[in-house]
Amino acid sequence: MSLILIAHVLGYTVWIGGVFAAMVVAFAARQEPAAVKAGVFRLIARLYTLVIGFGALAVIGSGVLLALSMESGGLGDLMREARLWVMVLLGLAAGLIVLFVGLPTATRVGALAVASGKGELPPAFDIYSKRLMVVSWVSGALAVAALLAWYVF
Ligand code: HEM
């Protein structure tokens, strides 16, 4: 297995695993007091940048390199299998959502996740944390679909 392929496999592994972990932790924090919830979401924001975003970047970068280094040395080789096209398109859509919607939203959530002296979170926190969960769910589902496209079809 080449190093680029290893980066590809590790990339989607930490990406999908990170999204799953973030969603489970966010769900578990729902009933926690505001200060705990704020701490949890600050950590989720860091998980997003350091693990999920990094994984998505690694997958897209290595995916492009893999495509360019295919046997015929060109993108024409991508045409050979439908499952390859499906994986590339779903993976690209998922990765771009993570990088251009998920990461900015996670940064905003991290900045908003500070409980006031009265133990309340700012109203915008609710909006952005829900948005982050929806974005995570959609991009995570697309990433899993890309994986299934390769192995199942
Ligand atoms: C979450 C997104 C993605 C997942 C889950 C995924 C999954 C996979 C898997 C399982 C393989 C086969 C690994 C092996 O041979 O053991 C693979 C290979 C490959 N992927 Fe992806 N991929 C994703 C995104 C992308 C993207 C965005 C691109 C292109 C920009 C891409 C291009 C490729 C190429 C060119 C190969 C090599 C195919 C071959 O040598 O036959 N992938 N990917």
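## Ligand shell

By class, the shell around the ligand holds 17 nonpolar, four polar and no charged residues. Ala, Val, Leu, Ile, Met, Phe, Trp, Tyr, Cys and Pro count as nonpolar, Asp, Glu, Lys and Arg as charged, and the others, Gly among them, as polar. This is a predicted model: local features need pLDDT of at least 70, side-chain atom pairs count only at pLDDT 80 or more, and totals for chains, interfaces and linings use all residues. Residues are numbered from 1 along each chain as its sequence is written.

The ligand is surrounded by 21 residues, and the closest are Gly63, Leu66, Gly91, Ala143 and Leu147. A residue is near the molecule if its C-beta atom, placed from the backbone, lies within 6 Å of it. Two or more shell residues come from each of α1 (3-28), α2 (34-68), α3 (82-112) and α4 (123-152). Helices are DSSP runs (H or I, at least four residues), numbered from the N terminus. The most comes from α3, with seven residues.

## Helix α3

From first C-alpha to last, the 31 residues of α3 reach 43 Å, close to the expected 45 Å. The expected span is 1.5 Å times one less than the number of residues.

## Packing of α3 on α4

The α3 and α4 axes come within 8 Å and cross at roughly 160°. Therefore α3 is roughly antiparallel to α4 (angles over 145 degrees). Axes are lines fitted to C-alpha atoms over the stretch in contact, and angles run from 0 to 180 degrees between N-to-C directions. By class, this contact has 23 nonpolar, six polar and three charged residues.

Note on methods. Angles under 35 degrees count as roughly parallel, over 145 as roughly antiparallel, 65 to 115 as roughly perpendicular and the rest as oblique.
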